[in-house]
Each structure stands twice: as structure tokens, then as C-alpha cells.
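Dear colleague,

I am handing over the structure we spoke about, and below it I set out what was found when the atoms were worked through. Please read the notes with the coordinates open beside them.

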Amino acid sequence: MEDKQDKFLEEWASGAGIEFENDEVKAAYQYRTNLIKDAIQLKKTPDRVPVMPLAFWAPIDLYNITPKDAMYDTDVLGQAFVDYSIDYAPDATGIPPMISHGPTFDILKYKMYKWPGGGLRDDLTYQYVEDEYMKVEDYDHLIDDPSDFFWRKYLGRAFGALEPFADMAPLYGSVEITLVNSFLCSVGTPPMQEALEALKQAGKTNFDWICKLLPYMGKIVSSGFPMFAGGATKAPFDYLGDTLRGTTALMMDMYRRPEKVLAACERLTPIMIKNGIAEAKANGNPIVFIPLHKGADGFMSDKQFQKFYWPGLKTVMDGLIEGGCVPCCFVEGGYNERLDYLGDFPKGKVAYYFDKTNMAEARKKLEGKACIGGGFPISQILKGTPDEVERGTKELLDTAAGDGGYILGIGCAMDEAKEDTLKRFIQVGKEYGKY
Amino acid sequence: MQELINAMVEMEEDKFLSLTKELLEKGEDPNAIFRAYQEGMAEIGRRFEQNEFFIPELIMAGEMMNDGAELIKPYLDEDAQAEKTSIGTMVLATIEGDIHDIGKNIYGMMMELSGFEVIDLGVDVPVDTIIAKVEEVKPELIGMSGLLTLAFDPMKAVVDKLKEKGLRDSVKVMVGGGQFDQTVCDFIGADGYSTDAVVGVNICKGWLEA
């Protein structure tokens, strides 16, 4: 039987369905995607190491655009990513929609983030506001009925304009002519009508934005540059901790109500799988990014990692593989104490993009098991000289490149960069990274 | 009293609080209870350093300490507040432009548990506010936190201002956050950096002992 992941990777790498500007860029696209595919699959040594800096806000910074302009002027945003892709020619480029659209959040009165133009200076990138968006008493609601929890509790806490959703009747009343009235009446109240109007406007604003952005993304891909991921999902524990309970509250929950934490993680697990697969399929790119947060070295003990973090993450990764996707964990912080767990998958099915983990150890522990990537310090790009970057890049390649199974990258989602150092990094990667 | 300390160290929050109440009602000296807390904290700190305890235990310990102190408060005389001894003072802030506070809070808590007095200025704190506070309280230490790389430049501005004002030699500067390393530390001109709260606390202890 044909392996679903092999098939999806093959389709993506072929560039099928993309209208390339000419045969030369088509070949360049296929060259890049195949470098990444080969690095992931560990079946053959690629021509060279693929170079994939995680460009997040960096394209905006490199062209001296303020984050506010990027969030409020779609053309400026789109053009910056086109320019970055063509000028820097990474093997996988940044994803413009990750910058997001300010006006949408203005309409919704987004509370969970501050952004330039929404509570932050124009020159700052958006930042998360840590809070308990899910209260202790919501555990049972989440576990019993996640969708109902999200509609009627979460939306109103995350978005000021959607607070009236808290008074909406459950959807289950909509089945019978005699019962449907109470549901409809709850939707018809003046505050709810106002909230629905805001949601409608925000949806329209976001849709128009993405329609305006799509030609730029088309231009990037048709110029030969794949994007570094097709979708994203989370480890269930991070999903619960990052934006639902908050770090502090979840860490206490591990002692105060461990059984609820475990039940919530279990309930969220299939949702995390479905989300990742759906996004990857919609974007035609099998790579699903999973940023790892609260399971890192120093955050919890090995025993806690085994109990609360790893089972959920492992199941999500297995589910993604089964769905034909490539789980690519963005391993933030250090994972030096956890490397043995990461090898627990069939050969060539997963990838790990590291931040502070010791790359020599990662190579040793995951050799012949999984693709590794990243590991170059952002500090060198921002505060080092091009020659220092060249030396550091060569050292990293000597350590990590092996005979395949490595993706050269910078160990964080890059918000800022410098032209001379980043260009040298990419150039050295392409030349010195030849196998 | 040992039972109280054990309950704290074993993270038995309910037992810890009920034992505190019991002891207070029996007329135990509130200062003695407070000293037991400190003993418990010292043990928690020790386990932290030995990688037996991690962030969940630290947060739980901080929470127990706060809740316990609330219970003790009404039993203390107006003028006989719980004894407080400090081994040094740190002015602590998340630097301007950055609103993340979890790392700073955990570090601040660790510093307090280790006997430092911490003056926490909050998040997104302007360079001049930090300098003004340093001039006012003359701390031994400045701690600056930042999750984002955009934190590097304003941190350097703080150190440059300290030099300008002739304050640089009177204070040690500690910086921390996910993307800090020696390159960044040198660029800022800080005395030390850490990506880990415990390491960061130990560096500060080392400075004051030197």
C-alpha cells in the first residue's frame, strides 16, 4: 500500500498545480522542495543541506517597514515577503499571513494580544497577553463539549466584541420546531446582534485581506519558493497552557487537579490532529509545524513530561503521520534531557527544528531516525559580523549536517535580521552545505 | 513545625494551610511559623538546584508562601512585622518594548526566595524609569528580562546610561530571556546573562559573595 506521507510529500515537491513563471523557476522550486523532502525522509542524501531560516517578522524588518504598516497595509506586507524571497532565496520562505491583519482585531477588540496600532508602539511586533482565558471551573465544560465551550465562553473572553456570545443558548436547542425558539431568541437579542455584526464584519475584513494577499503568495511560489509549513498545531498541553489556562495557572493545576489536566489534554488531542491535517491539506504542503513550549528542559521534570506532555504530543505526531503529514516540531528552548523521546517514531517520518538544544547530541541521538534542523543562534545574525556568521555556520554544518537529515536554520522565529549576516548565512549554507 | 515544613516541600498545599491555621490557633509564635516557611523554601530551592523541582513546584511554593503569609498577618503585632533580612537588592524589569512577564516573574520569585529584595518595575519599562529607580534606591543589582530580540538594544541603552552617569561600577547587571547568549551579553555590556532562572540567581549570589 502506498504510504500517505510519501504521496503528500511527493505531490508537494512536484509543484503540481502551480503555474510557474518559466521552466527554470519550476526546476528551482522542485530542487528546493526535494532538498527538504530528502532531508526529512532519510532515504537519500540530498544534493546539499536545505537552508530554511524561520522568517517571521524578519522580512518586514529587513525592508525597514514598521510592524504596524505590515499589519495594516496588505500590499506592503505582501511585497515585503516577495522581495525577501527573491533577494535572499532561502529554500523555504516565510508565510505572510502569519503577520495577521490589524483591522480585523480592531473590529473584534482582541484581548489576547497587543499589536502595533492595538496597544503597542508602531515599531513593535504583536505580543501575547498571558491570562486565564479558560477558568478553573471551565475544565468540565471543555472536556464535556469543546465546541460549546469555545462558542459560548472562549470567544467572549478572547474578543471583547464577542462577549455577548456568553448568553447565547446552546446549539442543541435547534432540533425541533418547538425548541428552536429559545435558541433563536438568544441570537436575536440586541447585544448578540451587535456581536454577530462585528463577527460578520471581521470575517469579511479578513477574507478581503487574504484575497488581496493571495496574489503575493502566488507570486512567491510561482517564483520558485516553497513556504516552510503548510499548517500548524500544538502539543495538547501547550494548547491548554499557552492560550487557555495560562502558564502559571496550568502549572498549579498539575498539582491541584492533575486528573482534569490529563482529561483536557486527552480531549484536545484529536482536535489538534484534525486541525493540523486540515491546514496542511488546504495549503497543499504536508509540513505541520508544532511549536513546543512548556515541556522544555527546566520547565518540568522528566516524570511530569512523561505524564502530562509527551503522551499527547506523541499521539498528535502519530496522527499527523497517519494523515499523510510531516510533524515538524519547532523545539523552543532546550531539549537536551528529552532527546531519547524524540527518536520514538518510524525512520524519516518526523523533523525537529531546534533552538538551544546541543546539536551534536541531537545528531548523535537522532541519527538515522529523524531529520534535525536549526540550531544557529539569532544573536550572531543580529550582533555578529558576516565573517563570524560564516565561521559559525561552517561549524554548525560540520556538527549537524552528517550525510543528510539536516536542515540549516536559525534557532528561533526570526523577528529581526541584518542583510549582510543573513545573506552570508544563506550563501555559506548553500556552498559549504554541499554533500 | 517539621510537619509544616514537610507539607510545604511535598507540595501538599491543603495540609500546609490547615497546619498553619492549627498552629496559629494554638498560639504558636507567628514569626516561628514564618521561619518554618523560610526553611521550607530553602529546601525547595535546594531541590530546584538539583533538578528535582521545576517551574510547577516553584509556582506552587510561591502560591503557598503568599497564602500562608495572608493567614499569619492578622496574628502579627502592628509594629512587629515578620522579620525580613535581605542579602541584596535588585531592580527588576521587562525592558521597554516587551510585555512578557512570566519569565521575569519566575526569576523575581526565585530571587526573593533566595533572600534578595526585589523591586519589580513591571513590563515594558522605559530605560529612563530603570535609571531613575537605580539612582533612587542604589541597588546592588539590576535585572532585565526580554523574550524578544528587540529587547537587546534598549538593554544596551540602560548600560550606556549607567556609564554616562558614573553608576556602572556600583551595580551588577543581569540580563535574561530565551535568546540570550554571550554574544548578546557582550553587546549589551551586561555582567551576566541567563536563559534559566536558577542559574541567573546563582550568578547573582556569586557576585555578592565575591
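Two residues are counted as being in contact if their C-beta atoms, placed from the backbone, lie within 7 Å. On that basis, among the contacts in chain B between residues at least 6 apart in sequence, 72% join residues at least 24 apart. Please keep in mind throughout that this is a predicted model.

To begin with chain B as a whole, its secondary structure comes to nine helices and five strands, and from the N terminus on these elements run α-α-α-α-β-α-β-α-β-α-β-α-β-α. The C-alpha atoms of chain B fill a box of roughly 55 × 40 × 35 Å along the principal axes. Chain B has a radius of gyration of 19 Å, which agrees with the value near 17 Å that a compact globule of 210 residues would have. Of the 210 residues in chain B, 47% are buried.

Turning to the contact between the chains, 25 residues from chain B and 28 residues from chain A take part in it. On the side of chain B that touches chain A, the elements that give two or more residues are α4 (55–72) and α8 (182–188) of chain B, and the largest share, five residues, comes from α4(B).

If residues up to four places away in sequence are left out, C328(A) touches A229(A), I287(A), V288(A), F289(A), I290(A), A351(A) and Y353(A).

Finally, two backbone details in chain B may deserve a look. Most residues other than glycine have a negative phi. M11(B), although not a glycine, has a positive phi of about 65 degrees; M11(B) is found in the loop between α1 (2–9) and α2 (13–25) of chain B, and it counts as partly exposed because it has 19 C-beta neighbours inside 10 Å. D124(B), likewise not a glycine, has a positive phi of about 50 degrees and is found in the loop between β2 (117–120) and α6 (127–137) of chain B. D124(B) has 20 other C-beta atoms within 10 Å, and is therefore buried, since a residue is buried if 20 or more such atoms lie within that distance.

With best wishes

Key
Residues are numbered from 1 along each chain as its sequence is written. Chains are lettered from A and ligands numbered from 1 in the order in which they are written. This is a predicted model: local features need pLDDT of at least 70, side-chain atom pairs count only at pLDDT 80 or more; totals for chains, interfaces and linings use all residues. Helices (H or I, at least four residues) and strands (E, at least two) are DSSP runs, numbered from the N terminus. A residue is buried if 20 or more other C-beta atoms lie within 10 Å of its own, exposed if 12 or fewer, and partly exposed in between; C-beta atoms are placed from the backbone. The radius of gyration is taken over C-alpha atoms; the globule rule is 2.2 Å times the number of residues to the power 0.38.
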